[in-house]
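Biologist: Please take me through this model, one question at a time. I would like each answer to end on the name or value I ask for.

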Amino acid sequence: MQIKSFVFNPIQENTYIVWDDTKECIVIDAGNLSAREDKMLAEFIEEQGLKPVLAVNTHCHFDHILGVEFLRETYGVKFAASSADLPLLKNGRASGAMFGMELGALPEAIDIDLATTPEVRFGNTVLRVIPTPGHTPGCVSLLHEESKTLFTGDTLFRESIGRTDLPGGDYPTIIKSILGSILPLGDEVTIYPGHGDKSNIGHESLYNPFVVEALNGEVNFSN
């Protein structure tokens, strides 16, 4: 499995193209907003001879869905995300306006519901869908077990976690997701987050202040 990352839109969101030796690929959290960013994405796909088969989202905040319609219109792919985040899809344009951003076409519906779909498949590759709510109700992480690679969206960052002060966010829930669903995957698992640099679970267990204080019992997240 191979990964190419792009940093797109004013929110500096990480968009990932993931493919294997069959040349089938998926795009995770397509955040491309401008014609220039659309061109960057399309040129890489063409240069590598890739065949996009799916747009997959870890969650549906507006900065992560900006490029979904471009992918659907250009490549005819389906859109996979959790139905628990449908309210965020419907509110995407208003959310963008709060950040002073004029948005293009946004998806209005989900084709493949990751709330009920255990795996994402393309080519010879399988990504396990792991529910990790807290940043949003429908947040998921995507695990490639063979390479020990985890796409965490905005649940877990390098030495930080996703915001929980936005509608649908919940601090106790995100901490439970991290401690209960992500850390047990093992220290050697590399994480590719929705913003910022990649890391690994071992590093976050030692140096992420939100994780460390929860592991040490310094905060109450049981509510």
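Biologist: Which residue in strand 3 does tryptophan 19 stand opposite?
Modeller: This is a predicted model. Strand 2 pairs with strand 3 (residues 24-28) in the antiparallel sense, over 4 bridges. Within that pairing, the residue in strand 3 that stands opposite tryptophan 19 is cysteine 25.

Biologist: Which residue in the turn between strand 2 and strand 3 has a positive phi?
Modeller: Strand 2 and strand 3 form a hairpin, with 4 residues between them. In that turn a positive phi of about 75° belongs to lysine 23.

Biologist: What is the bridge partner of lysine 4 in strand 2?
Modeller: Strand 1 (residues 2-8) and strand 2 pair in the antiparallel sense over 7 bridges. Their hairpin has 4 residues between the strands, and asparagine 9 takes a positive phi near 60° there. Across the pairing, the bridge partner of lysine 4 is isoleucine 17.

Biologist: How many of the residues of strand 2 are buried?
Modeller: In a regular strand, side chains alternate between the two faces of the sheet. Here Glu13, Thr15, Ile17 and Trp19 point one way, while Asn14, Tyr16 and Val18 point the other way, and all are buried. Strand 2 is therefore largely enclosed by the rest of the structure, the count of buried residues being 7 of the 7.

Biologist: How are the rings of tryptophan 19 and phenylalanine 44 arranged: stacked, tilted or edge-to-face?
Modeller: The whole structure holds 7 aromatic pairs. In this one the ring centres are 5.6 Å apart and the planes stand at 65°. Planes over 60 degrees apart fall in one class, so the pair of tryptophan 19 and phenylalanine 44 is edge-to-face.

Biologist: How many residues apart in sequence are the parts that this pair ties together?
Modeller: Tryptophan 19 lies in strand 2 (residues 13-19), and phenylalanine 44 lies in helix 1. Both residues are buried.

Biologist: Is phenylalanine 44 buried or exposed, and at what relative accessible area?
Modeller: Phenylalanine 44 lies in helix 1, residues 35-47. Leaving aside neighbours within four places in sequence, phenylalanine 44 is in contact with Lys4, Phe6, Ile17, Trp19 and Leu50. The cut-off for buried is under 20%, so phenylalanine 44 counts as buried, at 12%.

Biologist: What is the relative accessible area of cysteine 25, and which cysteine sulfur is nearest to its own?
Modeller: The search of the whole structure finds 0 disulfides. Cysteine 25 is in none, its nearest cysteine sulfur being 19 Å away. A disulfide would need the sulfur atoms within 2.5 Å. Cysteine 25 is buried, at 0%, and the nearest cysteine sulfur is that of cysteine 60.

Biologist: How far from cysteine 60 is the nearest cysteine sulfur?
Modeller: Cysteine 60 is buried, with a relative accessible area of 1%. Cysteine 60 is in no disulfide either, and the nearest cysteine sulfur, that of cysteine 139, is at a distance of 9.0 Å.

Biologist: Which strands are the edge strands of the open sheet of 6 strands?
Modeller: The strand order in this sheet is 7-8-9-10-13-14, with mixed pairing. Strand 7 is joined to strand 8 (residues 125-131) by 4 bridges, running antiparallel, and phenylalanine 122 has threonine 125 as its bridge partner in strand 8. The edge strands, each pairing on one side only, are strand 7 (119-122) and strand 14 (199-200).

Biologist: What is the relative accessible area of histidine 144?
Modeller: Histidine 144 lies in strand 9, residues 140-144. Beyond its neighbours within four places in sequence, histidine 144 is in contact with Met1, Thr125, Val126, Leu127 and Thr149. Histidine 144 is buried, and its relative accessible area is 8%.

Key. Residues numbered from 1 in each chain as written. Predicted model: local features only at pLDDT ≥ 70, side-chain atom pairs only at ≥ 80, totals over all residues. Heavy atoms only, no water. Helix = DSSP H or I, 4+ residues; strand = E, 2+ residues; numbered from the N terminus. Buried < 20%, exposed > 50% of the residue type's maximum accessible area, 1.4 Å probe, protein only. Contact = heavy atoms within 4.5 Å. Pairing = 2+ DSSP bridges. Phe/Tyr/Trp six-rings, centres within 6.5 Å; stacked < 30°, edge-to-face > 60°.
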